[in-house]
Amino acid sequence: MATLTAPDLADFKAVSEMQINSFRGNGHVLIPGVLNEAEVSHYRGVINSAATKFNTEKRKLEDRDTYGKAFLQITNLWEVDENVKAYALAKRFGKIAADLLGVENVRIYHDQALYKEPGGGFTPWHQDQYYWPVDTSNTITMWMPLIDIDVDMGMLTFASGSHQAGFVENVPISDESEAMLEKFIQDKGFKIARAQTMKAGDATWHYGWTLHSAPGNKSRDIMREVMTVIFIADGAKVTEPKNKHQEADRQRWMCGLPAGSALNSPLNPLIL
């Protein structure tokens, strides 16, 4: 596929002290206008095209389990599509991630297109870092809608302050994680927070340990198009996997790097 003339995302967008403090205190922050209208229009086309091409989910919605109903998930598009690569490895995103974490540089872990279909189910409470065998808490996920969305389309929802609890339960995204982590959130009294609306090109950022979920997509005919990119602070090391999902991640996203080695596989390039 020929590379399209893409908007350059090598410039930096300043992050305010208030945004940094909010992120570190709550474990999440919404930063508006990370992409402008022209930029998000271009990359929406690029990502939609790649997601459609590489989507492998062919089952009807009603034939899937809770995790399958939550979203269509197409991962590491940057690896197979040069146009998406310009987005996922954008220095603008990497600098925001580094500034929020307070580190010099970050590496990409992987990207994910997360498309919640019309009528798609809820996303259960979970921690992203349950899946990642790394020795640092300096991990961050950028979650960017490619169209304007509201709560009824599946807005990302956070348990503020939950990142400070670290690894809570050794359980993947499922009905089980929803029940266990909902109880944990209530017992700890974490405040639930989410935006009512987000514009295309806005982005939320959350730590890998921040508990989060999303309601279902109640719209009848609008796909909730979201692109995510996960970054990990440079200098992180691979840890011994704690579950089969971490072992799968170690093999796939870390090219099988052994525990104790630096996270620096060909699939984890430096961003800045």
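This is a predicted model: local features need pLDDT of at least 70, side-chain atom pairs count only at pLDDT 80 or more; totals for chains, interfaces and linings use all residues.
A residue is termed buried when its relative accessible area is under 20%.

View 1. The buried positions in α5 are R92, F93, G94, I96, A97, A98, L100 and L101. The helix is followed by G102, which has a positive phi near 80°.

**View 2. The four-stranded open sheet formed by β4, β11, β7 and β8.** The strands are arranged in the order β4-β11-β7-β8, with antiparallel pairing. At the edges of the sheet are β4 (123-126) and β8 (191-193), each of which pairs on one side only. On average, neighbouring strands of this sheet are turned by 20° against each other, direction ignored.

**View 3. Pairing of β7 with β8.** Strand β7, residues 157-160, is joined to β8 by three bridges in the antiparallel sense. F158 has A193 of β8 as its bridge partner.

**View 4. Helix α6 across the sheet strands β4, β7 and β8.**

**View 5. Backbone at N76.** Most residues other than glycine have a negative phi. N76 is not a glycine, yet its phi is positive, at about 55°. The residue is located in the loop that links β2 (72-75) and α4 (82-88). N76 counts as buried because its relative accessibility is 2%.

**View 6. Backbone at C255.** C255 also has a positive phi, near 55°, and is a residue other than glycine. C255 belongs to the segment after α7 (244-253). With a relative accessibility of 43%, C255 counts as partly exposed.

**View 7. The whole chain, shown for context with the close-up views.** The secondary structure of the protein consists of seven helices and 12 strands. The radius of gyration is 17 Å, close to the 19 Å given by the globule rule for 272 residues, so the protein is as compact as a globular protein of that length. Along the principal axes, the C-alpha trace spans about 50 × 45 × 40 Å. Of the 272 residues, 56% count as buried. Of the contacts between residues at least 6 apart in sequence, 85% join residues at least 24 apart. The protein exposes about 11,800 Å², and carbon and sulfur atoms supply 50% of that area.

How values were computed
Residues are numbered from 1 along each chain as its sequence is written. Side-chain values use heavy atoms; hydrogens and water are left out. Two strands pair if DSSP finds at least two bridges between them. Helices (H or I, at least four residues) and strands (E, at least two) are DSSP runs, numbered from the N terminus. Axes are lines fitted to C-alpha atoms, for helices over the stretch in contact, and angles run from 0 to 180 degrees between N-to-C directions. Contact means heavy atoms within 4.5 Å. Buried means under 20% relative accessible area, exposed over 50%, partly exposed in between (1.4 Å probe, protein chains only). The radius of gyration is taken over C-alpha atoms; the globule rule is 2.2 Å times the number of residues to the power 0.38. Accessible areas come from the Shrake-Rupley method with a 1.4 Å probe; for residues, only the protein chains shown count as cover.
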